[in-house]
Amino acid sequence: MDQPAIHPLTIDGRDPAPLRGDPISGDRYTSRDFMQQEWDHLWTRIWHVAGRTAELEEPGDYVVHDFRHESVICIRQDDGGIKAFYNACGHRGMRLTNGSAFAEAFTCPYHGWKWGKDGVLQYAQDPHDFPQGNPCGKLTLKELRCATWGGFVWYTMDDAAPDLLDYLARCRSFTKITRWTRASGCSG
Ligand code: FES
């Protein structure tokens, strides 16, 4: 079987060569500066697991993934695809939803703007009063890259991150996992 191409940023967890043996001091767990470095160079660049594809069976099913000060909605589309959006209204940034559920659209609790599950603005108060013109059908929520693999829904905040399958190339080559399914009779 052909081995998948390995992206240069991919780290092989079994290979000790990239490990420099730096001591891990206690301030790693308390330092704001180190936390910021992790945010800038790690968490905003990797692919995150938002949930399981099995949670998004029907169009409108969605999961919310909160990570530090960010929150992301992953929602099943009418065409069967999944889109990811920042969980923030495109008007003044109000959080749109909590938890995981079903929605045809998200109505912002602040001024009532309504965003379709495709992220497009459907309703705004007095839309013809905007000097730039009616924003409905034009404005969209800020979208992130989203993909699926192994029965999980993934997203990344980094537009320049490698594609998910390249990012997971080494993992895929030694786990042989292609799909997770819930065994009947199991819960949770
Ligand atoms: S912040 Fe959402 S409608 Fe104003």
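A: Strand β4 (residues 82-86) is joined to β9 by two bridges, and the two strands run antiparallel. Strands here are DSSP runs of E with at least two residues, and helices are runs of H or I with at least four residues, both numbered from the N terminus. Two strands count as paired if DSSP finds at least two bridges between them. This is a predicted model, in which local features need pLDDT of at least 70 and side-chain atom pairs count only at pLDDT 80 or more, while totals for chains, interfaces and linings use all residues. Residues are numbered from 1 along each chain as its sequence is written.

Within this pairing, Ala84 has Leu144 in β9 as its bridge partner. Ala84 also touches Val72, Ile73, Cys74, Glu143, Leu144, Cys146 and Tyr155, leaving aside residues up to four places away in sequence. Contact here means that the C-beta atoms of two residues, placed from the backbone, lie within 7 Å.

On to the next pairing of β9. Strand β9 (residues 143-149) pairs with strand β10 (residues 152-156) in the antiparallel sense over five bridges. Arg145 stands opposite Thr156 in β10, and Trp149 stands opposite Phe152 in β10. The two strands form a hairpin with two residues between them. Gly150, in the turn, has a positive phi of about 65°.

These strands belong to an open sheet of seven strands with antiparallel pairing, in the order β1-β10-β9-β4-β3-β2-β5. The edge strands are β1 (47-52) and β5 (101-102), each of which pairs on one side only.

Ala84 also has a place in the largest nonpolar core, which has 31 residues. A nonpolar core is a set of buried Ala, Val, Leu, Ile, Met, Phe, Trp, Tyr and Cys residues joined through C-beta atoms within 7 Å. A residue is buried if 20 or more other C-beta atoms lie within 10 Å of its own, exposed if 12 or fewer, and partly exposed in between, with C-beta atoms placed from the backbone. The residues with the most contacts inside this core are Val72, Cys74, Ala84, Cys146, Val153, Trp154 and Tyr155. The elements that give two or more residues to this core are β1, β2 (61-67), β3 (70-76), β4, β9, β10 and α2 (164-167). In soluble globular proteins, nonpolar side chains tend to be buried together.
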